Protein chains: 2
Amino acid sequence: MDSDFRSGCPIATTLDLVGDRWTLVLLRDMINGKARFSEFLDSPERITTNVLTDRLGRMEAAGLVTRTAYQDRPRRFAYSLTEKGAALTPVMQAMCRWANAWIPDTWVPPESFMAL
Amino acid sequence: MDSDFRSGCPIATTLDLVGDRWTLVLLRDMINGKARFSEFLDSPERITTNVLTDRLGRMEAAGLVTRTAYQDRPRRFAYSLTEKGAALTPVMQAMCRWANAWIPDTWVPPESFMAL
(Lines give C-alpha, C1' and ligand atoms only; values in the text may rest on other atoms or scores of the structure.)
Protein backbone atom coordinates (compact mmCIF):
# COMPACT_ATOMS: atom_id res chain seq x y z
CA MET A 1 0.00 0.00 0.00
CA ASP A 2 1.37 3.37 -1.02
CA SER A 3 1.84 5.31 2.20
CA ASP A 4 0.43 8.43 0.54
CA PHE A 5 -3.02 6.90 1.01
CA ARG A 6 -4.95 7.27 4.26
CA SER A 7 -6.10 3.66 4.29
CA GLY A 8 -6.69 0.73 1.96
CA CYS A 9 -10.34 1.70 1.58
CA PRO A 10 -11.03 2.09 -2.14
CA ILE A 11 -13.36 5.06 -1.51
CA ALA A 12 -10.83 6.91 0.65
CA THR A 13 -8.04 6.09 -1.80
CA THR A 14 -10.01 7.42 -4.78
CA LEU A 15 -10.71 10.58 -2.79
CA ASP A 16 -7.01 10.93 -1.99
CA LEU A 17 -6.54 11.36 -5.75
CA VAL A 18 -9.72 13.07 -6.96
CA GLY A 19 -11.38 14.28 -3.73
CA ASP A 20 -11.47 17.98 -4.51
CA ARG A 21 -13.77 20.31 -6.41
CA TRP A 22 -11.73 20.50 -9.65
CA THR A 23 -10.07 17.26 -10.70
CA LEU A 24 -13.20 15.58 -12.07
CA VAL A 25 -14.31 18.85 -13.68
CA LEU A 26 -11.04 18.85 -15.64
CA LEU A 27 -11.50 15.19 -16.56
CA ARG A 28 -14.98 16.10 -17.80
CA ASP A 29 -13.46 18.84 -19.98
CA MET A 30 -10.92 16.41 -21.45
CA ILE A 31 -13.65 13.88 -22.24
CA ASN A 32 -15.41 16.75 -24.01
CA GLY A 33 -12.33 17.34 -26.17
CA LYS A 34 -10.60 20.15 -24.30
CA ALA A 35 -6.82 19.82 -24.11
CA ARG A 36 -5.22 23.21 -23.61
CA PHE A 37 -4.71 25.42 -20.59
CA SER A 38 -6.74 28.25 -22.14
CA GLU A 39 -9.62 25.88 -22.88
CA PHE A 40 -9.82 24.77 -19.24
CA LEU A 41 -9.80 28.39 -18.10
CA ASP A 42 -12.77 29.03 -20.39
CA SER A 43 -15.08 26.54 -18.67
CA PRO A 44 -18.08 28.01 -16.83
CA GLU A 45 -16.75 27.08 -13.36
CA ARG A 46 -13.93 29.63 -13.82
CA ILE A 47 -10.93 27.82 -12.41
CA THR A 48 -8.03 30.16 -11.62
CA THR A 49 -4.64 29.75 -13.30
CA ASN A 50 -2.82 28.78 -10.12
CA VAL A 51 -5.37 26.12 -9.15
CA LEU A 52 -5.37 24.82 -12.74
CA THR A 53 -1.57 24.53 -12.77
CA ASP A 54 -1.63 22.72 -9.44
CA ARG A 55 -4.37 20.28 -10.43
CA LEU A 56 -2.88 19.40 -13.83
CA GLY A 57 0.44 18.69 -12.13
CA ARG A 58 -1.19 16.45 -9.53
CA MET A 59 -3.23 14.66 -12.17
CA GLU A 60 -0.12 13.98 -14.23
CA ALA A 61 1.71 12.70 -11.11
CA ALA A 62 -1.23 10.40 -10.36
CA GLY A 63 -1.15 9.00 -13.90
CA LEU A 64 -4.60 10.36 -14.80
CA VAL A 65 -3.39 12.58 -17.66
CA THR A 66 -0.39 12.91 -19.92
CA ARG A 67 0.90 16.07 -21.55
CA THR A 68 2.65 16.69 -24.83
CA ALA A 69 4.20 19.94 -25.98
CA TYR A 70 2.42 21.45 -28.97
CA GLN A 71 4.40 24.71 -29.10
CA ASP A 72 7.83 26.12 -28.16
CA ARG A 73 8.61 29.72 -27.12
CA PRO A 74 6.64 29.80 -25.03
CA ARG A 75 6.38 26.09 -24.48
CA ARG A 76 2.75 25.00 -24.24
CA PHE A 77 1.24 21.62 -23.50
CA ALA A 78 -1.83 19.70 -24.52
CA TYR A 79 -3.32 17.37 -21.91
CA SER A 80 -5.15 14.14 -22.55
CA LEU A 81 -6.62 11.37 -20.46
CA THR A 82 -4.76 8.17 -19.80
CA GLU A 83 -6.64 4.88 -19.68
CA LYS A 84 -6.54 5.19 -15.88
CA GLY A 85 -8.05 8.68 -16.04
CA ALA A 86 -10.73 7.72 -18.56
CA ALA A 87 -11.65 4.81 -16.29
CA LEU A 88 -13.12 7.36 -13.86
CA THR A 89 -15.97 7.99 -16.31
CA PRO A 90 -18.42 5.75 -14.38
CA VAL A 91 -17.79 7.85 -11.25
CA MET A 92 -18.73 10.99 -13.20
CA GLN A 93 -21.78 9.30 -14.76
CA ALA A 94 -22.99 8.29 -11.29
CA MET A 95 -22.56 11.90 -10.13
CA CYS A 96 -24.64 13.08 -13.10
CA ARG A 97 -27.45 10.69 -12.25
CA TRP A 98 -27.42 11.77 -8.62
CA ALA A 99 -27.41 15.50 -9.35
CA ASN A 100 -30.10 15.20 -12.01
CA ALA A 101 -32.27 13.32 -9.50
CA TRP A 102 -31.63 15.46 -6.42
CA ILE A 103 -30.47 18.96 -7.39
CA PRO A 104 -33.04 21.01 -9.32
CA ASP A 105 -32.11 22.44 -12.69
CA THR A 106 -28.80 20.66 -13.18
CA TRP A 107 -27.96 20.12 -16.83
CA VAL A 108 -28.84 16.76 -18.34
CA PRO A 109 -25.63 15.41 -19.86
CA PRO A 110 -25.49 14.34 -23.52
CA GLU A 111 -26.44 10.73 -24.13
CA SER A 112 -23.08 10.27 -25.80
CA PHE A 113 -21.40 10.96 -22.45
CA MET A 114 -23.71 8.75 -20.42
CA ALA A 115 -23.20 5.88 -22.87
CA LEU A 116 -19.39 5.94 -22.70
CA MET B 1 -30.26 27.27 -9.99
CA ASP B 2 -28.95 27.76 -6.49
CA SER B 3 -26.26 30.42 -6.75
CA ASP B 4 -24.05 28.42 -4.36
CA PHE B 5 -23.21 26.17 -7.28
CA ARG B 6 -20.46 27.01 -9.76
CA SER B 7 -22.48 25.98 -12.79
CA GLY B 8 -25.42 23.78 -13.77
CA CYS B 9 -23.06 20.92 -14.62
CA PRO B 10 -24.17 17.89 -12.60
CA ILE B 11 -20.57 16.81 -12.03
CA ALA B 12 -19.47 20.23 -10.78
CA THR B 13 -22.61 20.53 -8.64
CA THR B 14 -22.06 17.14 -7.01
CA LEU B 15 -18.47 18.17 -6.29
CA ASP B 16 -19.70 21.43 -4.75
CA LEU B 17 -21.39 19.22 -2.14
CA VAL B 18 -19.11 16.18 -1.79
CA GLY B 19 -15.89 17.25 -3.55
CA ASP B 20 -13.52 16.87 -0.63
CA ARG B 21 -11.58 14.03 0.97
CA TRP B 22 -13.99 13.32 3.85
CA THR B 23 -17.68 13.61 2.99
CA LEU B 24 -17.97 10.30 1.14
CA VAL B 25 -15.78 8.58 3.75
CA LEU B 26 -18.34 9.61 6.39
CA LEU B 27 -21.20 8.44 4.17
CA ARG B 28 -19.37 5.11 3.85
CA ASP B 29 -19.18 4.89 7.65
CA MET B 30 -22.90 5.58 8.01
CA ILE B 31 -23.74 2.92 5.44
CA ASN B 32 -21.62 0.59 7.56
CA GLY B 33 -23.74 1.38 10.60
CA LYS B 34 -21.69 4.09 12.30
CA ALA B 35 -23.72 6.95 13.73
CA ARG B 36 -21.83 8.65 16.55
CA PHE B 37 -19.06 11.21 16.63
CA SER B 38 -16.71 8.85 18.46
CA GLU B 39 -17.34 6.11 15.90
CA PHE B 40 -16.34 8.38 13.01
CA LEU B 41 -13.17 9.40 14.88
CA ASP B 42 -12.31 5.71 15.18
CA SER B 43 -12.15 5.06 11.44
CA PRO B 44 -8.72 4.22 10.01
CA GLU B 45 -8.44 7.49 8.08
CA ARG B 46 -8.23 9.39 11.40
CA ILE B 47 -10.37 12.43 10.78
CA THR B 48 -9.75 15.21 13.30
CA THR B 49 -12.52 16.51 15.54
CA ASN B 50 -12.64 19.95 13.96
CA VAL B 51 -12.85 18.60 10.41
CA LEU B 52 -15.47 16.07 11.51
CA THR B 53 -17.61 18.79 13.12
CA ASP B 54 -17.32 20.92 9.98
CA ARG B 55 -18.20 18.11 7.58
CA LEU B 56 -21.18 16.82 9.58
CA GLY B 57 -22.55 20.37 9.70
CA ARG B 58 -22.14 20.83 5.96
CA MET B 59 -23.66 17.43 5.25
CA GLU B 60 -26.68 18.25 7.39
CA ALA B 61 -27.06 21.62 5.65
CA ALA B 62 -26.91 19.87 2.27
CA GLY B 63 -29.62 17.42 3.33
CA LEU B 64 -27.34 14.39 3.12
CA VAL B 65 -27.68 13.44 6.82
CA THR B 66 -30.02 14.08 9.72
CA ARG B 67 -29.13 14.09 13.38
CA THR B 68 -31.10 13.15 16.45
CA ALA B 69 -30.06 13.67 20.07
CA TYR B 70 -29.46 10.44 21.91
CA GLN B 71 -28.16 11.97 25.15
CA ASP B 72 -28.40 15.19 27.20
CA ARG B 73 -25.69 16.69 29.46
CA PRO B 74 -23.65 16.68 27.42
CA ARG B 75 -25.96 16.67 24.45
CA ARG B 76 -24.85 14.11 21.87
CA PHE B 77 -26.18 13.33 18.43
CA ALA B 78 -26.51 10.29 16.22
CA TYR B 79 -26.23 10.86 12.48
CA SER B 80 -27.96 8.90 9.78
CA LEU B 81 -28.25 9.11 6.02
CA THR B 82 -31.21 10.72 4.35
CA GLU B 83 -32.60 9.25 1.14
CA LYS B 84 -30.63 11.95 -0.72
CA GLY B 85 -27.43 10.94 1.04
CA ALA B 86 -27.97 7.22 0.54
CA ALA B 87 -28.54 7.92 -3.16
CA LEU B 88 -24.82 8.68 -3.45
CA THR B 89 -24.08 4.95 -2.99
CA PRO B 90 -23.56 4.36 -6.76
CA VAL B 91 -20.89 7.09 -6.77
CA MET B 92 -19.06 5.26 -3.99
CA GLN B 93 -19.49 1.89 -5.68
CA ALA B 94 -17.98 3.31 -8.89
CA MET B 95 -15.04 4.62 -6.86
CA CYS B 96 -14.54 1.15 -5.37
CA ARG B 97 -14.47 -0.46 -8.81
CA TRP B 98 -11.98 2.13 -10.07
CA ALA B 99 -9.63 1.84 -7.11
CA ASN B 100 -9.74 -1.97 -7.09
CA ALA B 101 -8.84 -1.94 -10.80
CA TRP B 102 -6.16 0.77 -10.75
CA ILE B 103 -4.66 1.15 -7.28
CA PRO B 104 -2.80 -1.90 -6.00
CA ASP B 105 -3.80 -3.48 -2.71
CA THR B 106 -6.98 -1.51 -2.09
CA TRP B 107 -9.53 -3.43 -0.04
CA VAL B 108 -12.22 -5.29 -1.92
CA PRO B 109 -15.54 -4.08 -0.48
CA PRO B 110 -18.11 -6.53 0.90
CA GLU B 111 -20.53 -7.85 -1.70
CA SER B 112 -23.34 -6.57 0.51
CA PHE B 113 -22.09 -3.01 -0.11
CA MET B 114 -21.59 -3.44 -3.85
CA ALA B 115 -25.09 -4.91 -4.19
CA LEU B 116 -26.89 -2.01 -2.47
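Here are a few friendly notes on the two-chain model above.

1. A word on ground rules. This is a predicted model, in which local features need pLDDT of at least 70 and side-chain atom pairs count only at pLDDT 80 or more, while totals for chains, interfaces and linings use all residues. Residues are numbered from 1 along each chain as its sequence is written, and chains are lettered from A, with ligands numbered from 1, in the order in which they are written.

2. On confidence, chain A has a mean pLDDT of 96, with 97% of its residues at 70 or more; pLDDT is the predictor's confidence in each residue, from 0 to 100. For the complex, the predictor gives an ipTM of 0.96 and a pTM of 0.96.

3. The fold of chain A has seven helices and two strands, in the order α-α-α-α-β-β-α-α-α along the sequence. Here helices (H or I, at least four residues) and strands (E, at least two) are DSSP runs, numbered from the N terminus. The C-alpha atoms of chain A fill a box of roughly 45 × 40 × 25 Å along the principal axes.

4. Now to the interface: 40 residues of chain B are in contact with 40 residues of chain A, where contact means C-beta atoms, placed from the backbone, within 7 Å. On the chain B side, α1 (10–18), α2 and α6 are the elements that give two or more residues. The largest share, twelve residues, comes from α6(B). By class, the chain B side divides into 24 nonpolar, seven polar and nine charged residues. Ala, Val, Leu, Ile, Met, Phe, Trp, Tyr, Cys and Pro count as nonpolar, Asp, Glu, Lys and Arg as charged, and the others, Gly among them, as polar.

5. Helix α6(B) deserves a look of its own. Its 14 residues reach 20 Å from first C-alpha to last, close to the 20 Å expected at 1.5 Å a residue; the expected span is 1.5 Å times one less than the number of residues. Among its buried residues are M92(B), M95(B), W98(B) and W102(B). Their cover includes α1, α5 (83–86) and α6 (89–102) of chain A, together with α2 (23–31) and α7 (111–114) of chain B.

6. How do α1(A) and α6(B) cross? Their axes come within 8 Å at roughly 80°, which makes α1(A) roughly perpendicular to α6(B). Axes are lines fitted to C-alpha atoms, for helices over the stretch in contact, and angles run from 0 to 180 degrees between N-to-C directions. Angles under 35 degrees count as roughly parallel, over 145 as roughly antiparallel, 65 to 115 as roughly perpendicular and the rest as oblique. P10(A), I11(A), T13(A) and T14(A) meet a set in α6(B) including M92(B), C96(B) and N100(B).

7. Look also at α6(A) and α1(B), whose axes come within 8 Å and cross at roughly 80°. The residues in contact include W98(A) and A99(A) of α6(A), and P10(B) and I11(B) of α1(B). This contact has seven nonpolar, three polar and no charged residues.

8. Finally, T23(A) sits in helix α2 (residues 23–31) of chain A. T23(A) is buried because 22 other C-beta atoms lie within 10 Å. Beyond its neighbours within four places in sequence, T23(A) is in contact with V18(A), R55(A) and M59(A).

Methods: Contact = placed C-beta atoms within 7 Å. Buried ≥ 20, exposed ≤ 12 C-beta atoms within 10 Å, placed from the backbone.
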